[in-house]
Amino acid sequence: MKKNRKLWMGLAMALSLSLLLGLAACGSKKDDTPDDSQQGTVQPSEPEQPKDDQPEVPEEEKDDQPGSDGEEASPLKDFYATLQAKYEGLDAMMVIEGELLETYYPGLSEIAAVEEIYLQETMITTANVAVGMVKLSEDATLEDITAVQEILQARITTQAEGGAWYPESCETWKNGIITSVSNTVGMFVYPEQAQELADAFTEAFSN
């Protein structure tokens, strides 16, 4: 009986000792765990702000963009702009170029001395208006200037003889003016004021 009692006491002590060792081990692991307050805090990186400065476009590329200041100046277009500011109806015109130019003014673009062509007409109205200007090179001959005048006159004749459809329009074309100054030829078709436009052209392009 005493032996059994001693055996049970020994087992109880062994169990108690093992529990104490287990608790000690747990406490040691807990102490070894770093405290969040002691750990180094990683600051979140701030998002990179977009740069205000945009890459600059080279000057040569700016000049190639439509509507840029790099567009070569045209005395013919500048003069037409002055007419638009003074005479009604010139802001409702259509530029004659490409296939229309070849149809209405055949041969004009084939003249070697021609450097610039600027032609505008109103289309199918009761009061047709047209402004045409052709700039020739400095070495253009009298034959070159005459050839341009004849092509412009042929257009006036075609329109005056029924091509403009309406009697008032045909009459306006019939009274059109063709003039030339300083290797520049002008054609002006405008109700009752064609001569005024021609005189302004002569004054603007006289040397």
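Biologist: What makes the end-to-end distance of helix H3 (residues 75-86) agree with its 12 residues?

Modeller: In this predicted model, the expected span is 1.5 Å times one less than the number of residues, so H3 should span 16 Å, and its end C-alpha atoms are 17 Å apart, which agrees. Helices are DSSP runs of H or I with at least four residues, strands are runs of E with at least two, and both are numbered from the N terminus.

Biologist: How do you know that the buried residues of H3 line one face of the helix?

Modeller: Leu76, Phe79, Tyr80 and Leu83 are buried in H3, where buried means under 20% relative accessible area, exposed over 50%, and partly exposed in between, with a 1.4 Å probe and protein chains only. Seen down the axis, the buried residues fall within an arc of 100°, so they line one face; the arc is that of the directions from the helix axis to the C-beta atoms. An α-helix has 3.6 residues a turn, so residues three or four places apart point the same way. The buried residues of H3 pack against S2, S3, S5 and helix H7 (194-205), a contact being heavy atoms within 4.5 Å.

Biologist: Why are strands S2 (residues 114-121) and S3 said to pair?

Modeller: Two strands pair if DSSP finds at least two bridges between them, and S2 and S3 have 7, in the antiparallel sense. Val114 has Leu136 in S3 as its bridge partner. S3 also pairs with strand S5 (residues 184-189) in the antiparallel sense, over 6 bridges, and Val131 stands opposite Phe188 in S5.

Biologist: What makes Lys135 and Glu115 a salt bridge?

Modeller: A salt bridge needs a side-chain nitrogen of Lys or Arg within 4 Å of a carboxyl oxygen of Asp or Glu, and here the closest N and O atoms are 2.8 Å apart. Lys135 lies in S3 and Glu115 in S2, so the pair ties together parts that are 20 residues apart in sequence.

Biologist: Why is Lys135 called partly exposed?

Modeller: Its relative accessible area is 28%, and Lys135 is therefore classed as partly exposed, whereas both Arg155 and Glu121, which meet in a salt bridge, are buried.

How values were computed
Residues are numbered from 1 along each chain as its sequence is written. This is a predicted model: local features need pLDDT of at least 70, side-chain atom pairs count only at pLDDT 80 or more; totals for chains, interfaces and linings use all residues. Side-chain values use heavy atoms; hydrogens and water are left out.
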